[in-house]
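Let's take a walk through a structure together, starting with a single helix and what surrounds it.

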Amino acid sequence: MTITQLKYVLAVAEHQNFTKAALKVFVTQPTLSMQIQKLEDELGVKIFDRTKKPIQLTETGRKIVNQARNIVNESDRIQDIVDQEKGFIGGTFRLGIIPTIMPTLLPMFLTNFIKKYPKVKLKIEELNTEAIIERLNEGHLDAAIVATPLELDGIKEQVLYYEPFVAYIPEGHRLAAEKNLNVEDLDIDDMLLLEDGHCFKDGIINLCKTSRNYDGDHFQLESGSFETLIKLANEGLGMTLLPYLHTIDLGEKENKKLKMFEEPVPAREVSLIYTKSELKIQIIEALRTTIAGVVKGAIAFQNVKIISPLNKRKNVTN
């Protein structure tokens with residue numbers, strides 16, 4: 001049994017196709033098939049059911065794949081240890097970022113990071129939280145930036161910053177004359193929301209559950225982007241909530257429609273997450289310090305209440 005054979009098994013398990021798996025690991029399809037067959041013969045079991053299309057794992061094959069993933073990760077750690085001992089920060093690093101964070105945070109730190117760590121080849125994917133967790137567990141991502149807490153087994157969370165919720169209220173709205181808002185002012189039936197799949201929407205729903213006006217059965221309108229929500233609000237279709245960093249580049253006209261909440265300000269916790277194997281931890285730490293350095297100047301709120309996508313809250317005083 002070899003590490004290479006296990007990598008071939010993982011590739012086939014991922015793609016459910018020998019030809020696609022061979023392309024992924026840069027060998028010919030006959031070579032890959034022969035090595036997997038050799039491993040099955042050695043173990044005396046079938047890892048894949050080749051009679052099904054697409055190819056499926058056998059029951060034993062699932063257990064083998066889970067263990068193979070652990071073994072391959074641990075073998076990668078050897079090079080990781082060497083890199084850390086040499087102080088080397090480089091190589092390919094796969095980072096996932098959720099859609100409600102990507103457009104504002106990425107431009108803030110990417111150029112700085114590339115200049116400081118030119119030997120790191122960042123591969124960045126925009127994915128929702130569910131897809132990120134799946135890809136982290138399968139070893140297809142090295143780390144990700146998401147809203148937390150998630151409290152998942154095998155996943156570590158390092159808080160990067162706390163980002164307040166900001167209300168965007170158009171002229172003529174019932175709350176337009178208010179200076180600052182209280183959570184009790186919110187009415188979910190009057191709220192423009194992101195579509196399903198965005199954890200920022202889950203955070204807003206959890207926030208509104210503290211309001212006496214909450215009714216979980218009614219949503220007026222949902223959209224896929226904050227820009228669309230702002231335009232819909234300007235048309236008088238309701239109010240919306242935005243993450244603070246998204247408000248920084250709004251024009252003067254839009255800025256007049258922004259309202260902050262009374263302290264403790266409701267906020268989301270944004271963290272860098274990665275598996276407990278801590279592979280490529282030196283790059284993870286480089287990312288963390290780079291992001292912390294650029295964000296601390298943009299967000300200076302002292303007293304916030306974290307609204308979790310898991311419907312949990314905690315107060316944070318910096």
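Just after helix H1, Gln-16 takes a positive phi of about 55°. This is a predicted model, where local features need pLDDT of at least 70 and side-chain atom pairs count only at pLDDT 80 or more, while totals for chains, interfaces and linings use all residues. Residues are numbered from 1 along each chain as its sequence is written, and side-chain values use heavy atoms, leaving out hydrogens and water.

Now for H1 itself. Helices here are DSSP runs of H or I with at least four residues, and strands are runs of E with at least two, numbered from the N terminus. With 13 residues, H1 reaches 19 Å from its first C-alpha to its last, close to the 18 Å expected at 1.5 Å a residue (that is 1.5 Å times one less than the number of residues). Its buried residues (under 20% relative accessible area, with a 1.4 Å probe and protein chains only) include Leu-6, Tyr-8 and Val-12. Among the elements covering the buried residues of H1 are helix H2 (18-25) and H4, where contact means heavy atoms within 4.5 Å.

How do H1 and H4 pack, and at what angle? Their axes, lines fitted to C-alpha atoms over the stretch in contact, lie 9 Å apart at an angle of about 125°, on a scale from 0 to 180 degrees between N-to-C directions. H1 and H4 are therefore oblique to each other: angles under 35 degrees count as roughly parallel, over 145 as roughly antiparallel, 65 to 115 as roughly perpendicular and the rest as oblique.

Note on methods: Buried means under 20% relative accessible area, exposed over 50%, partly exposed in between (1.4 Å probe, protein chains only).
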